[in-house]
Amino acid sequence: MRESFQNWLPRLVLAPSFLLILVFVYGFIAYTGYLSMTNSKMLPSYDWVGLANYEKLFRLRHWNTAMKNLAIFGALYIIVSSLLGLLLAILLDQKIRAEGVIRPIYLYPMALSFIVTGTAWKWFLDPGIGLENVMHQWGWESFSFTWIKDRNMAIYTVVIAAVWQSSGFVMAMFLAGLRGVDNEIIKAAQIDGATGFRIYRKIIIPMMRPVFLSAFVVLAHLAIKAYDLVVALTGGGPGRATELPATFMYSYTFTRNQMGVGAASAIIMLMMIFSIIVPYIYSELKSGENR
Amino acid sequence: MSINCKFKMTASAIVLAASAGMASAGSVEVLHWWTSGGEAAALNVLKDDLASKGVDWQDMPVAGGGGEAAMTALRARVTAGNAPTAVQMLGFDIRDWAAEGALANLDDVASEEGWDAVVPEALKAFSKYDGHWVAAPVNVHSTNWVWISKKALDDAGGAVPTNWDELVAVLDKMKENGITPLAHGGQAWQDATIFDAVVLSMGNDFYKASMIDLDEDALGGDQMVEVFNRMAKLRSYVDDNFSGRDWNLASAMVINGEAGMQMMGDWAKGEFLKADQVPGEDFVCIRFPGTQGSVTFNSDQFAMFKVNDPAAQEAQKLMASAVMNPTFQSAFNVVKGSVPARTDVPDTDFDACGKKGMKDLAEANASGSLFGSMAHGHAVPASIKNAMYDVVTAHFNGEYDAQTAAAELVAAVADAK
């Protein structure tokens with residue numbers, strides 16, 4: 001009796017949250033999937049139209065812009081954040097003084113919300129009040145930095161702000177990885193006469209593989225769901241030059257009364273995230289079995 | 001025990017809240033986005049009026065300029081089966097909700113008070129659905145205004161431009177004088193507001209064919225190419241730092257002399273008045289050159305949702321009647337900067353620009369040249385409006401040339417239908 005109760009207790013305790021997640025996460029994913037196949041406009045409707053919304057979605061220039069921007073933003077954001085994070089971690093790992101002060105300084109941007117980051121960078125990059133204006137006041141009249149107002153360059157300002165926000169966090173991940181490296185290995189390499197640079201390139205960085213993977217998964221899903229940063233930084237502008245899939249999804253679902261198309265774009269975003277997360281979970285499970 | 005107790009308390013709190021909601025019979029719950037100082041003050045006129053009739057006002061403000069957030073909140077409330085009694089709404093939103101069958105019928109009050117005779121035809125296209133009144137219009141904003149700094153105009157020769165060529169001449173002169181000729185904020189709806197006026201300046205028939213009837217020949221034709229050429233010309237008078245700027249900051253540029261003029265709806269007047277500027281002395285209000293006699297409008301209305309409680313229905317009618325009261329219409333619109341939604345309100349309390357606005361509206365109504373504004377959701381449904389925004393703003397930011405833009409406009413509209 002007592003034993004069976006102990007068996008049941010964990011399930012009993014987990015049941016409410018399991019149920020809530022089942023309904024409010026997976027239930028609504030299914031609902032969105034269903035809506036994407038209906039002709040929903042302002043309110044959900046249940047008239048089946050098959051894949052018409054998806055066909056329409058991929059015909060829209062607006063969506064193509066959003067996907068192109070996601071490719072630029074995602075690639076640069078992940079690569080630059082990882083490299084910068086790794087570099088900062090390696091520099092911090094040189095047993096320097098006051099590491100305890102410096103580390104949180106780099107980590108703090110992560111504590112800000114993207115809205116704050118976006119607004120701060122919007123002001124900083126604005127040619128009229130920000131960096132350019134200050135440089136002009138200091139006498140460097142020819143200085144010009146108008147990326148945020150330039151429809152071809154504006155997406156890169158989103159990258160800059162996002163990298164500023166996240167590279168400290170990536171640094172912390174790498175720092176934890178570096179601290180986990182066995183000192184014996186490094187000593188052995190030093191005895192063999194390897195230089196510091198060689199040790200990092202040939203031994204330590206290759207050992208960081210799992211950290212790269214974790215960083216990639218964290219950064220990739222942040223990139224795909226990026227919404228608040230764009231809204232605060234550029235509002236999707238100039239024109240529609242910095243729209244991302246998430247801002248597209250919101251505007252089609254809620255302001256353009258094309259809920260069906262909006263739901264279709266949400267499902268595409270979900271599929272993108274799945275394509276990153278599922279292999280990761282799979283590899284995690286496999287390595288778990290090996291252990 | 002304690003969990004159980006808490007649960008009971010929560011449950012009783014819910015019951016209490018629910019019964020409180022029911023007990024306030026004869027009350028109206030009003031969803032609106034008039035939260036800024038002047039607007040809130042204007043709305044208080046209505047609140048006090050209703051309070052004197054024993055109607056209890058439950059405020060549900062959802063801030064955010066164009067009401068986007070409010071409409072999202074509304075959708076959630078209606079989907080949950082708990083619609084507010086009255087909702088501030090614009091243009092096609094009213095028609096969409098009426099088409100869902102969600103709006104109450106106001107025919108009783110309307111016929112009793114003779115709304116049909118005093119509300120302009122073009123407004124009725126939104127206040128009435130299927131021949132039944134579903135909303136009470138509060139105001140008419142007209143969008144084809146140009147606000148010119150008097151000093152900048154005098155420096156540029158002093159003559160008010162009345163057609164496109166004169167406008168270009170004035171803008172050129174302002175540029176020579178070293179100010180930004182055109183104050184503008186690079187947001188899609190602001191680009192579209194200018195676009196509206198430029199289309200209208202090509203003639204009433206063209207505006208109706210392209211923006212309301214969505215005639216493909218008009219949307220992609222030579223006249224539309226010329227419209228986009230003019231948009232590009234206007235873009236050349238805007239400073240380079242314009243993108244993302246809010247409209248009131250653009251107004252401020254005109255007020256403090258940095259810029260010559262702004263093309264914006266009549267809500268911009270409020271900014272000038274707040275800065276103690278006097279119409280005619282410090283700033284000049286004209287219709288967009290070439291559109292005198294025609295008006296593009298948007299109109300805030302209170303749509304009434306269907307409710308079952310008879311007391312609440314009574315309160316709705318009282319509110320609708322209060323909204324249409326000429327005294328309220330005058331008091332509210334003097335503060336708001338717009339003009340009354342009925343044509344029989346005396347213009348005594350309005351300033352020079354307000355008087356001109358009322359006169360223009362009455363004229364346009366009489367001559368059939370009063371049109372819903374595309375940029376403000378009174379010409380086409382939201383999906384098509386936004387599709388047009390995409391093209392207009394892309395062209396204004398230099399992504400398309402005029403020919404491509406006209407072709408894209410046809411394609412975008414076809415896709416959004």
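In this predicted model, the centres of domain 1 of chain B and domain 2 of chain B, taken over C-alpha atoms, are 28 Å apart. The domain assignment gives residues 27-141 + 298-357 of chain B to domain 1 and residues 144-296 + 377-416 of chain B to domain 2. Where the two domains of chain B touch, 16 residues come from domain 1 and 18 residues from domain 2.

**Between the domains of chain B**

Together, domain 1 of chain B and domain 2 of chain B bury about 1,400 Å², and 61% of this area is on carbon and sulfur atoms. Three residues, Phe92(B), Cys353(B) and Lys356(B), account for 41% of the area that domain 1 of chain B buries against domain 2 of chain B, more than any other three residues.

Polar links also cross this interface. Six residue pairs are in polar contact across it, both residues being at pLDDT 80 or more. One salt bridge is found between domain 1 of chain B and domain 2 of chain B. Elsewhere in the list of pairs, Asp351(B) and Lys269(B) meet through their side chains in a salt bridge, with N to O at 3.3 Å.

On the side of domain 1 of chain B that touches domain 2 of chain B, helix 4 (91-99), strand 7 (139-142) and helix 18 (352-367) of chain B each provide at least two residues. Helix 18 of chain B gives the most to that side, with five residues. By class, the residues of that side are six nonpolar, eight polar and two charged.

**The disulfide**

How many disulfides does a search of the whole structure find over all chains? The search finds one. This disulfide joins Cys285(B) to Cys353(B), with S to S at 2.0 Å. The torsion about the S-S bond of Cys285(B) and Cys353(B) is about -105 degrees, so the disulfide is left-handed. Cys285(B) belongs to strand 11 (residues 283-287) of chain B and Cys353(B) to helix 18 of chain B, so the pair ties together parts that are 68 residues apart in sequence. Cys353(B) is also one of the three residues named above for the area that domain 1 of chain B buries against domain 2 of chain B.

**Between chain B and chain A**

The contact between the chains involves 26 residues from chain B and 25 residues from chain A. About 2,300 Å² is buried between chain B and chain A, with 46% of it given by carbon and sulfur atoms. In chain B, the residues that lose the most area to chain A are Arg75(B), Asn241(B) and Asp415(B), together 26% of what that side buries.

Between chain B and chain A there are five salt bridges. The polar contacts between these chains number 15 residue pairs, both residues at pLDDT 80 or more. Helix 3 (68-79), helix 4, helix 19 (382-396) and helix 20 (402-416) of chain B each give two or more residues to the side of chain B that touches chain A. Of these, helix 19 of chain B gives the most, with seven residues. That side of chain B has seven nonpolar, nine polar and ten charged residues.

**Salt bridges**

Over all chains, the structure holds 29 salt bridges. The table lists some of them.

| Residue | Partner | Closest N to O |
|---|---|---|
| Arg240(A) | Asp390(B) | 2.5 Å |
| Lys149(A) | Asp126(A) | 3.6 Å |

The pair Lys149(A) and Asp126(A) links distant parts of the chain, 23 residues apart. Lys149(A) is in the loop between helix 6 (131-137) and helix 7 (154-179) of chain A, while Asp126(A) is in the loop between helix 5 (114-125) and helix 6 of chain A.

Technical notes. Residues numbered from 1 in each chain as written. Chains lettered and ligands numbered in written order. Predicted model: local features only at pLDDT ≥ 70, side-chain atom pairs only at ≥ 80, totals over all residues. Heavy atoms only, no water. Domains from an automatic or database assignment. Contact = heavy atoms within 4.5 Å. Buried area = accessible area lost by both parts, 1.4 Å probe. Salt bridge = Lys/Arg side-chain N within 4 Å of Asp/Glu carboxyl O. Polar contact = N/O pair within 3.5 Å; in protein donor to acceptor, adjacent residues only side chain to side chain. Helix = DSSP H or I, 4+ residues; strand = E, 2+ residues; numbered from the N terminus. Nonpolar A, V, L, I, M, F, W, Y, C, P; charged D, E, K, R; others polar. Disulfide = S-S within 2.5 Å.
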